[in-house]
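Look at the sequence and the structure first.

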Amino acid sequence: MRFTADDRGFYGDFGGAFIPEMLYANVEELRSRYLEIIEDQDFQNEFRGLLKDYVGRPSPLYLAKRLSQKYQTSIYLKREDLNHTGAHKINNTIGQILLAQRLGKSRIIAETGAGQHGVATATVCALMGIQCIVYMGEVDIARQAPNVSRMQMLGAEVRPALSGSRTLKDATNEAIRDWINNPVDTHYIIGSVVGPHPYPDMVARFQSVISEEIRWQLKEQTGSEDPDLIIACVGGGSNAAGAYYHYLDNDNIRLIAVEAAGLGVDSGESAATSVLGSKGIIHGSRTLLMQTPDGQIIEPYSLSAGLDYPGIGPMHAHLIDSGRAEAVSITDDEALEAAFECAKLEGIIPALESAHAFAALEKIEYGSDDIIVLNLSGRGDKDLETYIKHLTGDGKD
Amino acid sequence: MGRIRALFNSKQNGILNIYFTAGYPGLNDTETIIRTLTKAGVDVIEVGMPYSDPMADGPTIQQSSSRAIKQGMTVDLLFRQVTKARQHSDVPLLLMGYLNQMMQYGMEQFVNKSVSAGIDGLIIPDLPLDIYEKEYLDLIRQSGLDMVFLITPQTVEERIRYIDSLSTGFIYMVSDASITGAKSGISLKQIEYFKRIEAMELKNPRLIGFGISNAETFDKACQYANGAIIGSAFIKALEKSDTDLEGSIFEFIHSIRKPATV
């Protein structure tokens, strides 16, 4: 079975480009040119150079000894939290800004939920001196004030999305509308492996630097480039896509996709798309998404703003639907507990999103001689307020 | 012969197509709105199926959709409302909705229900042409429903020909690179685009939509196409109509087209 996109952007039954004609020319320009541009040697040189000198790659692969001891196995952490701007998101925005330049675009738009992708986009726009507009739900602007300030300090304009539930889904709708209204000069930097083809494939390719590095780093440290399991959290799924990418076709390697169960899968306040979702269309892609029987998209819930998306990328829908990847759901409380455990055992405060991946260690089976790679997708600075509330027993009940 | 084809056979100019969101302003206003638009002499009625994430629509239509959904609007209720409205109207009726809604309902069942409710055609802006051709074309052709596709100023000639070959009923010309309700007035650049399409001599009639909001823009659009579509401006008129829905509808339609022509 094939797990990367075919030439029409389908992963099995999932993917494609379900877009109105008003977006067709924009998406078609990108589709017809993205491969030629990113496979070009000049592009690769510039991309690799920036990842090394600006982002700080390769990110370390670190054997977490005390965590391994506790779980009686070998756990290696892929330290995406050490990247510039604090998460894997910048791998993609560096790639897309270079692509936008080669497409001759002079204006960048992006959507953001918690603000991580918005900050990563504002960062590369500052780096290249390109105008940047970030759409963010009005509700998220209120709860993620520090990231709003960071984007503004980086020179970006943050525009509130006032429609619908005023969160990530609506920020995405607003960004799409902006792109419809500005078809010629604007490139839309989508932050995850979602949206119409070629976005899921393009973003996965930019993030695949993660698994490319894991291969040689693991070989250096263990003698084999293949782990037994790869664990990553999935909102839209870009860090997971990057961690899985070079291992997709090796069936001996288990891929664990960790979703946010919120208050519990059956609580009505959840973002566990693979359990609660069904096949449908969201933001131009056929995938699994949470919806009513009438096809209205349901607003998800997770304490973690980065996992709070009602769909998953079409690659993940296919991986899970075909049984290639195993989905695990982790509640807010389980993730918080895992974050504190990681902090105390390893001296690393993970992002709340990544904490979901750590919590999966309690939920899945593995052997004592297994090698597990866990993608530590981001650092927890942005979640300190949430963590402090938990410490003082003042958390969400 | 279908109602849409019959209309264009008998009338080639000044076609007025009005869009409204089903279930707005009141959940059960659909029947009244269709009946009143019919009385007011509208040529085509486009019934919007409210959707949570209407990618191709602007804030006015999204807000009306959110409210309709909150008030309890469903696809089944819409079919019941349209079935009733059909008893008082012989005007061509189209349903405009997003593909996810039809997918969840089941496309075959959706098409069958549309036909029995008296619907004449469908507009599904996010349905890709190749998917339509491969998965739904036979179903639609057999049902007798017309299928209306959109073109924009960015659509290249070869693709316009392809869209023309797949479309029946009419072609929906998006007037500008914009979402619904975004702009007002018609520019010279838009007129160039209207003329360019006119010169292509497509097999389908053309209606211009997006940015058509009053008599001036309607008349202008009608110079270059068979007619035009008004959506957001009509919904705004309904917004203000809490007490007298019918009166507001007559007033709006008469502001576009003098009652003498009815």
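## Backbone features

Pro198(A) sits in the loop between strand E8 (186-189) and helix H9 (199-207) of chain A; helices (H or I, at least four residues) and strands (E, at least two) are DSSP runs, numbered from the N terminus. This is a predicted model, in which local features need pLDDT of at least 70, side-chain atom pairs count only at pLDDT 80 or more, and totals for chains, interfaces and linings use all residues. Residues are numbered from 1 along each chain as its sequence is written, chains are lettered from A and ligands numbered from 1 in the order in which they are written, and side-chain values use heavy atoms, with hydrogens and water left out.

The peptide bond that joins His197(A) and Pro198(A) is cis, with omega about 15°. In chain B, a cis peptide bond joins Tyr24(B) and Pro25(B), and omega there is about 0°. Pro25(B) belongs to the loop between strand E1 (15-21) and helix H2 (30-39) of chain B. Thr85(A) is not a glycine, yet its phi is positive, at about 75°. The loop that holds Thr85(A) runs between strand E4 (74-79) and helix H4 (89-102) of chain A.

## The two chains

Chain A contains 16 helices and 14 strands. Its radius of gyration is 19 Å, close to the 21 Å that the globule rule gives for 397 residues, so chain A is as compact as a globular protein of that length. The radius is taken over C-alpha atoms, and the globule rule is 2.2 Å times the number of residues to the power 0.38.

Chain B contains twelve helices and nine strands. Its radius of gyration of 17 Å is close to the 18 Å from the globule rule for 262 residues, so chain B is also as compact as a globular protein of its length. The table gives the spans of the C-alpha traces.

| Chain | Span along the principal axes |
|---|---|
| Chain A | about 55 × 50 × 40 Å |
| Chain B | about 45 × 40 × 35 Å |

The mean pLDDT (the predictor's confidence in each residue, from 0 to 100) of chain B is 94, and 96% of its residues reach 70 or more. For the complex, the predictor gives an ipTM of 0.95 and a pTM of 0.96.

## Salt bridges

Over all chains, the count comes to 41 salt bridges, each a side-chain nitrogen of Lys or Arg within 4 Å of a carboxyl oxygen of Asp or Glu. One of them joins Arg107(A) and Asp178(A), whose closest N and O atoms are 2.9 Å apart. Arg107(A) lies in strand E5 (residues 107-112) and Asp178(A) in helix H8 (residues 168-181) of chain A, so the pair ties together parts that are 71 residues apart in sequence.

Three salt bridges are found across the interface of chain B and chain A. In one, the side chains of Lys169(A) and Asp53(B) meet at 3.1 Å, N to O.

## The interface

The contact (heavy atoms within 4.5 Å) takes 39 residues from chain B and 34 residues from chain A. About 2,900 Å² is buried between the chains, and carbon and sulfur atoms give 52% of this. Buried area is the accessible area (1.4 Å probe) that two parts lose on being put together, summed over both. In chain B, Asp53(B), Met55(B) and Arg159(B) lose the most area to chain A, together 22% of what that side buries.
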